[in-house]
Amino acid sequence: MRVIEISCLEVWREISNYIDDDVDGDLHARMEAHLKVCAHCKAVLDGTRNVVKLVADGVEYDLPAGFSKRLYQKIQT
Amino acid sequence: MATGVPRHLPDLCESELIERVCQGDKESFYVLVQPCERAVYAAAMSILNNPADAEEVAQEAVLKALSHLASFRRESKFSTWLIQITINEARLKLRKDRRHLYESVDEPQNGDEGDYIPKDFADWREVPSEALEQTELRDALKRGLESLAPRYREVLILRDVQQMSIEETAQVLGLTNGSVKTRLRRARLQMRDALAPGFDGSWIKGKTEYQKVRPW
């Protein structure tokens, strides 16, 4: 079965869903076919996937010192 | 123990704790809140981007949850409900402080539906998570997050940092699943562009020289 081609713009629109494995079968196959031959889109995909991982592993919001204690005291008052 | 944080937590399920709180047991409320205090703080930070404001909003949200606990319908997890309250309080504060007037300047003309065109197409080696030990990479992540408009940052933090599902993210932000996905795409692609210059090799541990392959 011949896969219908899609443009780079269409790939970028779905790239985030693709990373989340949230693209349906037909579109998924078209994206895969495009990504095999388009170095730019492959670079965008790999880089974005890497960024998602780095954000998950590297972004932390440390609680300010004494946060829990102050919150506990607020609740008690 | 009048002022310290309780160390020994009763082994009760969420609904039992809620029952206790509704009967006036405030100690049980803290037990309920403690597992999600980081998520509450992160949700407030995702909108306010200021530790003092985020703590103030986190406290307000927790107190609001306490006073409204009887109306919690238990259709979602307590943590999801509490984060939803936190998001609302943070947005109220942002509006009150009128900061949105400055941020609105950065709003895209075509709204959420506009396409984000990646600016950088160079291929790079995968950056391993060990590279996060480098201050430069952590700072670049922080700067990248700060460069996002709050509407994109809040989605990225809830989804990719807090690891909430698309549905939960939509619920706490009061958005459709589709809007969450659109904003998430924008946030991720923008973060990629923000980090791209370093992907030439400077993030790779042990690399002493940074050779640019791009004109900037």
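Tutor: Before we start, residues are numbered from 1 along each chain as its sequence is written, and chains are lettered from A in the order in which they are written. Because the model is predicted, local features need pLDDT of at least 70 and side-chain atom pairs count only at pLDDT 80 or more, while totals for chains, interfaces and linings use all residues.

Student: Happy with that. How many helices and strands are there in chain A?

Tutor: Chain A has 4 helices and 0 strands, so its pattern along the sequence reads α-α-α-α. Helices here are DSSP runs of H or I with at least four residues, strands are runs of E with at least two, and both are numbered from the N terminus.

Student: What makes chain A more spread out than a compact globule?

Tutor: Set the value against the rule. The globule rule is 2.2 Å times the number of residues to the power 0.38, and the radius of gyration is taken over C-alpha atoms. For 77 residues the rule gives 11 Å, whereas chain A has 21 Å, well over that, so chain A is more spread out than a compact globule. Along the principal axes, the C-alpha atoms of chain A fill a box of roughly 70 × 20 × 15 Å.

Student: Which residues count as being in contact between the chains, and how many does each chain give?

Tutor: Two residues are in contact if their C-beta atoms, placed from the backbone, lie within 7 Å. On that basis, chain A gives 35 residues and chain B gives 44 residues. On the chain A side, helices H1 (8-19), H3 (39-58) and H4 (67-76) each supply at least two residues, and H3(A) has the largest share, with 16 residues. By class, that side has 19 nonpolar, 10 polar and 6 charged residues. Ala, Val, Leu, Ile, Met, Phe, Trp, Tyr, Cys and Pro count as nonpolar, Asp, Glu, Lys and Arg as charged, and the others, Gly among them, as polar.

Student: How do H4(A) and H2(B) cross?

Tutor: The axes of H4(A) and helix H2 (residues 26-33) of chain B come within 9 Å and cross at roughly 145 degrees. Axes are lines fitted to C-alpha atoms, for helices over the stretch in contact, and angles run from 0 to 180 degrees between N-to-C directions. The crossing is right-handed; a crossing has that name if the near helix is turned clockwise from the far one by less than a right angle, and is left-handed if anticlockwise. A:Tyr72, A:Ile75 and A:Gln76 of H4(A) meet B:Lys26, B:Phe29 and B:Tyr30 of H2(B).

Student: Where are the domains of chain B?

Tutor: The domain assignment, from an automatic or database source, gives domain 1 (14-103) and domain 2 (119-200). Their centres, taken over C-alpha atoms, are 24 Å apart. Domain 1 gives 12 residues to their contact and domain 2 gives 13 residues. On the domain 1 side, the largest share, 5 residues, comes from H3(B).
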